[in-house]
Amino acid sequence: QVELVESGGGLVQTGGSLRLSCTASGRFFGLNTMGWYRQPPGKERELVATISRVGDANYGDSMKGRFTVSGDFAKNTVYLQMNILSPEDTAVYYCHARIVPTVPLKEAEYWGHGTQVTVSS
């Protein structure tokens, strides 16, 4: 009933930029938080950035100053502007959301299927 769909991943050169989008679809009562996590090859999934409906943003330490998360909750969409990319940013980027579905009326976590971001050197 609730699905997160990412877009915007791809191949980019070192120093380049990329903009990811994620849209929540389905039936839900409220969308509380949306954001991004990533999982580089051979590493654990880590926080990239999240943003709440009221605009409070959290960033992973290595993303501060380079990545910007923004949300358009009226469109059920979150964006991630990624700048000054390096090969270390290569990972599968997963959209994440905390959503209150219509049934049951209780907050739950949802994950997208991920979009590959590859930064070439």
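Predicted model: local features only at pLDDT ≥ 70, side-chain atom pairs only at ≥ 80, totals over all residues.
1. On the inside, buried residues account for 43% of the 121 residues in the chain. Buried here stands for under 20% relative accessible area.

2. Overall dimensions: the radius of gyration is 14 Å, and a compact globule of 121 residues would come out near 14 Å, so the chain agrees with that expectation. Taken along the principal axes, the box filled by the C-alpha atoms is roughly 45 × 25 × 25 Å. I'd read those two values side by side.

3. Secondary structure is quick to describe: the chain has 11 strands and zero helices. Going from the N terminus, the order of elements is simply β-β-β-β-β-β-β-β-β-β-β.

4. How far apart in sequence are the contacting residues? Taking contacts in the chain between residues at least 6 apart, 56% link residues that are at least 24 apart.

5. Now the side chains, and Arg 45 deserves a look. Its charged end sits over the ring of Tyr 94, at 3.9 Å from the ring centre. The charged end of Arg 45 also sits over the ring of Trp 111, this time 4.6 Å from the centre. Both distances fall under the 6 Å limit used for a charge over a ring, which is why both contacts count, given that the angle to the ring normal is within 35 degrees as well.

Terms used. Residues numbered from 1 in each chain as written. Heavy atoms only, no water. Helix = DSSP H or I, 4+ residues; strand = E, 2+ residues; numbered from the N terminus. Rg over C-alpha atoms; globule rule 2.2 N^0.38 Å. Buried < 20%, exposed > 50% of the residue type's maximum accessible area, 1.4 Å probe, protein only. Contact = heavy atoms within 4.5 Å.
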